[in-house]
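Let us take a friendly walk through a protein structure.

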Amino acid sequence: MSTLATPIRRGFVDVPGGQAHYRYALPEGAGLDDIPLVVLHPSPGSGRMMAKFVRAMAKTVPVYALDTRGNGDSDPLPGTPTIADFATATWEAIDALGFDRIRLLGTHTGASIATEAANQRPERVSELIIDNMGLWSDKKKKTHFERNSPKVSPDMMGSQLNWAWHYCRDQYLFSPWYEPTVANRRNVDLPEPQVLHELVVEVLKALGTYHMSYSAAANFDKRDALARVSVRTLVSSNERDPLMVHLDEVHACVSGSVRKVVGDLETEDGAAVSAEIYASFLKR
């Protein structure tokens, strides 16, 4: 076994309305019959935020991390897309990659898309992993929709650059970021400046469309979708994440699901811990 870091490669596939971008990594000796794990990232950002997890998980299975449409380097969907539209677009990318049967993991906003995608094509999903899904009240959903992902446009002063930096930074400082109070202060360290810079760049790439997936998730009936899941499922969260408080309810909503506390998928140590837990689940 090589001691070198697992390389992550990139590609695009043609899909209706444009192109979808993805990152992928393969275990040594991976064959065409290995069922790939398709990973859907949180918002804001892109599949780049999942790089540490992709490397860790690719020691076991082929991993393909998509940029959801309108995020990162994937072209946006038209109009005002719903989570069902994002799920359909996910299948379009999977079809373009030539996969028949897949494993599917989504975290945060990606968890909503992955859940709906599994409900759309259950016969093609061998396992589903739902990481960090929030189940909010109608009032919280309305507030989140109105305040969480403001529409931002470039201006001649470049104020969007300053906005994007503080918007991304504040995701780590407060939950929710738009209520910066002592009560909402997160008990986590800020990431390294380079990590924050990478997130900011991904948000700036999709400045005019990043809000679409967030808004779709805020309007998505997650409890109904979870109750309809029929594939083998693991639900997870981690102690660092504010959505940990929803884990038990998510678990209760998905009949027969496995509940696990994992690591933070975006950190080196957390990705390694999570990959080990998920690999055990995928091996049955």
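This is a predicted model: local features need pLDDT of at least 70, side-chain atom pairs count only at pLDDT 80 or more; totals for chains, interfaces and linings use all residues.

You will find Ser-46 in the loop between strand 3 (37–40) and helix 1 (51–57). Is Ser-46 buried or exposed? With a relative accessible area of 0%, Ser-46 is buried, because buried means under 20%. Leaving aside residues up to four places away in sequence, Ser-46 touches Arg-23, His-41, Asp-67, Gly-72 and Glu-202. With Glu-202 there is a polar contact as well, made side chain to side chain at 2.7 Å.

Glu-202 leads us on to the charged residues. Side chains of opposite charge can pair when their charged atoms come close. In this structure the count comes to 18 salt bridges. Glu-202 belongs to a network of salt bridges that links it with Arg-10, Arg-48, Asp-73, Glu-198 and Lys-205.

Arg-10 lies in strand 1 (residues 9–15), while Asp-73 lies in the loop between strand 4 (63–66) and helix 2 (83–97), so the pair ties together parts that are 63 residues apart in sequence. Arg-10 counts as exposed, at 53% relative accessibility, whereas Asp-73 counts as partly exposed, at 24%.

Now turn to another salt bridge, in which the side chains of Arg-232 and Glu-127 meet at 3.8 Å, N to O. This pair links distant parts of the chain: Arg-232 is in the loop between helix 8 (222–227) and strand 7 (233–237), and Glu-127 is in strand 6 (residues 125–131), 105 residues apart. Arg-232 is partly exposed, with a relative accessible area of 30%, but Glu-127 is buried, at 2%.

One more salt bridge brings the side chains of Asp-264 and Arg-240 together at 3.1 Å, N to O. Here, too, distant parts of the chain are linked: Asp-264 is in the loop between strand 8 (258–261) and helix 10 (268–282), and Arg-240 is in the loop between strand 7 and helix 9 (247–253), 24 residues apart. Asp-264 has a relative accessible area of 18% and is buried, because the limit for buried is under 20%. Arg-240 is partly exposed, at 37%.

Next come the rings. How many aromatic pairs does the structure hold? There are ten aromatic pairs. Among them is the edge-to-face pair of Tyr-64 and Phe-99, which are 4.8 Å apart centre to centre, with 70° between the planes. Tyr-64 is in strand 4 and Phe-99 is in the loop between helix 2 and strand 5 (102–107), so that distant parts of the chain, 35 residues apart, are linked by this pair. Both Tyr-64 and Phe-99 are buried.

Trp-163 and Tyr-210 form a tilted aromatic pair, 5.9 Å centre to centre and with 55° between the planes. Because Trp-163 lies in helix 5 (residues 159–173) and Tyr-210 in the loop between helix 6 (193–205) and helix 7 (211–218), the pair ties together parts that are 47 residues apart in sequence. Tyr-210 counts as buried, at 1% relative accessibility.

His-144 has its place in helix 4 (residues 138–147) and is buried, with a relative accessible area of 10%. Not counting residues up to four places away in sequence, His-144 touches Trp-136, Ser-149 and Tyr-178. Trp-136 also has a charge over its ring: the charged end of Lys-222 sits there, 4.2 Å from the ring centre.

Our last stop is helix 7, which is mostly covered, with eight of its eight residues buried. These residues are His-211, Met-212, Ser-213, Tyr-214, Ser-215, Ala-216, Ala-217 and Ala-218. What covers them? The cover includes helix 2, helix 3 (109–120), helix 4, helix 5 and helix 8.

Note on methods: Residues are numbered from 1 along each chain as its sequence is written. Side-chain values use heavy atoms; hydrogens and water are left out. Helices (H or I, at least four residues) and strands (E, at least two) are DSSP runs, numbered from the N terminus. Buried means under 20% relative accessible area, exposed over 50%, partly exposed in between (1.4 Å probe, protein chains only). A polar contact is a pair of N or O atoms within 3.5 Å; within protein, one must be able to donate a hydrogen and the other to accept it, and residues adjacent in sequence count only if both atoms are side-chain atoms. Contact means heavy atoms within 4.5 Å. A salt bridge is a side-chain nitrogen of Lys or Arg within 4 Å of a carboxyl oxygen of Asp or Glu. Rings of Phe, Tyr and Trp (its six-membered ring) pair if their centres lie within 6.5 Å; planes under 30 degrees apart count as stacked, over 60 as edge-to-face and the rest as tilted. A charge sits over a ring if NZ of Lys or CZ of Arg is within 6 Å of the ring centre and within 35 degrees of the ring normal.
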